[in-house]
Every structure is written in structure tokens, then in C-alpha cells.
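Okay, thanks everyone, let's get going.

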Amino acid sequence: MRFPIKVKTEVIPSFLRRIIPNKPDPTRLITSKVDETQFSRCASSICIGGIWRTTSPGRHPESNKLLARTLAGTPARIVDVGVSDGGTSVDLYLALGADVRSLVVTDVCLKVRAVRQNGGWYLFRPDAGACLMAVFDHLIYYNVITSNSFLGGHAAAVFAAAPSPETGSDVFLMNPRLMSTVARDSRVELREWDVFTPWRGERMDVVRVANLLNPAYFTTAQLREAMSNCYRAVEGQGWMMVVDNRKSEKATLFRKEGGRLTVAARVGDGADAEALLCNGWGPTD
Ligand SMILES: C[S@@+](CC[C@H](N)C(=O)[O-])C[C@H]1O[C@@H](n2cnc3c(N)ncnc32)[C@H](O)[C@@H]1O
């Protein structure tokens, strides 16, 4: 990350927001009652292991429609991987309607631990105990590798003063829109899953991964490891969908057939990671 220190969007005038690196204040998830849209915006400011939780509702309409057309009349067990606050899982759930047999909504991290100290909030990853970010009145500091030695040094000093995570409390990162769906419909459940580990549940009919299998985030070897884990979570004759929303929505729908994946359909030019599966490599059972 080039700028490990960002200004809170809320404290700069809108005409400067394109110039000054800024992010919405994620601590509004702790201190204020935010609506579903604001929740997604604030959750998108969180960065875990160098991967942003960027999300917004309604960002995958074409790939949701493609999956709805594909499943039409065949209720499926679906796992959604790396969902951030899960708002886009609700979009998928609504697009599929009665064709959801079950929907398991997963992310590597469903909550963070928050500790208030020195007039700011320090957010930790609850499992690893690592301090992810620190949020003060105007600035957000990210604990990431940076090429900017001046800002990096300044951020390092802030993290050197971080408190112990033990004294904090957990902040759940899932959108109220998702939580009311989970409360209403027993077909929908939440689970932590690190895609770099094997899937531990029953095999699923559809594995959907949106905006995670990004060649900018991971090496080819890592992408292939994650894809193999997704592939092994798919029942024979099932589907795997990889979605990207960089400049526009792009997706590839793969079918598992004869022990390998074949491209069944695309949105736009297909997902960027598609080439990794089509260039002489394929996951195996
Ligand atoms: C850019 S967000 C995408 C959110 C949502 N799928 C969407 O398209 O709006 C990437 C998400 O992947 C999650 N993530 C990062 N590493 C992961 C891993 N190893 N396993 C599962 N999820 C991971 C992050 O926590 C984050 O919520």
C-alpha cells in the first residue's frame, strides 16, 4: 500500500476526495448506528493481511443473473467465499430465490477486536492478535508493508504504542442486511473459512468467489492453491464462479466435469484468474 495513512473521508470536503487518499471511518461500526449502505462503506475501509474488505451492494448483477439462469429450478447448496460484510451474499440470495437450498456465507475473518487507547481505536485481528489499523480523529493508519518510508515510519511509531488486544471487545463485521436474512431463513448461515485451507463441510453445488482471487493480491501459486480448495469443495457436476469488479463486472462460470473444470459461461471477458485454470493447469480431486 503506497499510503499507509489515509484521511477520514468524513473530515475532508468532497472536492478534495479525489486528490487526498481517504477512507470512510470504520469505527462508525462501533460508535454509531449506521444503516446498511453506510455499514458496507465503513466495512470497506478495513484491510486484513493487505486485502481490503471493499464491497458494495448490487455490484454483481450480471453474474447473479447468470447463476440464476443456470440453476433455474434446481435448488443448490452454495458457499460464498470472502464476502466482506456479506451484503453481496444477500444480493445472490435474492437473485436465486427458491433455488437456494442452502447458502453458507464465509470470510477469513467475521469480526475484529477493538481497543480504545490514546484517543484512538486500535483494531486487531482476533485470532492472530495482530494490530491491523489504528483510527484517530482525522487519520487512519494501516499496519501494512509500504514503499513510502516517511509515512511507513510514522505509522510504525503509532503501532509501536498499540495496546494489548486482550482488553478490547469484538466488533462483528457482518451487515445488518445479512444478519436479518440469517435470522429469518435457516437456509442461510455464516462461517469462517480461510480459502487457503481445505473446506471442512459437505461438498457444495456452487462455490462463488467474488473479488478475492485477484492476481494483484496473490502469487500464481497462491491463486492455484485457493482455487484447488474451492474446486474440492464442489460436488461432482457442480459449479464454481469467479467474479471481478475492477473496471467493470467480469465473471467466469466453471463446470466441474470429468474431474476437471471447464468454462461454461462468462460475464464480459471472464475473470482475470480464468487464464490460470485454462493454461495447462487444473485442480484435481
Ligand atoms: C474485496 S473483498 C470482496 C467482498 C465481496 N465478495 C464483494 O465482492 O463485494 C475480499 C474479501 O476476502 C476476504 N479474504 C481475504 N483473505 C481471505 C482468505 N484467505 N480466505 C477467505 N477470505 C479472505 C477479505 O476479508 C475480504 O472480506
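First, the housekeeping. This is a predicted model, so keep in mind that local features need pLDDT of at least 70 and side-chain atom pairs count only at pLDDT 80 or more, while totals for chains, interfaces and linings use all residues. Residues are numbered from 1 along each chain as its sequence is written.

Domains, then. The protein chain splits into domain 1, which is 5-32 + 111-171, and domain 2, which is 61-109 + 173-278; those bounds come from an automatic or database domain assignment. Their C-alpha centres sit 30 Å apart.

Now the sheet. Strands here are DSSP runs of E, at least two residues, numbered from the N terminus, and two of them pair if DSSP finds at least two bridges between them.

Let's go across it. β1 (residues 5-8) runs antiparallel to β10 (residues 139-142), with three bridges, and I5 has Y141 as its bridge partner. β10 also pairs with β9 (residues 131-135), again antiparallel and over three bridges. Those two make a hairpin with three residues between them. Further along, β7 (residues 111-117) and β8 (residues 120-124) are antiparallel, joined by five bridges, and V115 is partnered by Y122.

So which residue stands opposite Y142 of β10? That's M133. Skipping neighbours within four places in sequence, M133 is in contact with C47, L123, I140, Y141, Y142 and N143, where contact means C-beta atoms, placed from the backbone, within 7 Å.

M133 turns up again in the largest nonpolar core, which has 72 residues: M133, V207, C230, M240, M241 and V242 touch the most other members. By core I mean buried Ala, Val, Leu, Ile, Met, Phe, Trp, Tyr and Cys joined through C-beta atoms within 7 Å, and buried means 20 or more other C-beta atoms within 10 Å of a residue's own.

How values were computed. Helices (H or I, at least four residues) and strands (E, at least two) are DSSP runs, numbered from the N terminus. A residue is buried if 20 or more other C-beta atoms lie within 10 Å of its own, exposed if 12 or fewer, and partly exposed in between; C-beta atoms are placed from the backbone. Two residues are in contact if their C-beta atoms, placed from the backbone, lie within 7 Å.
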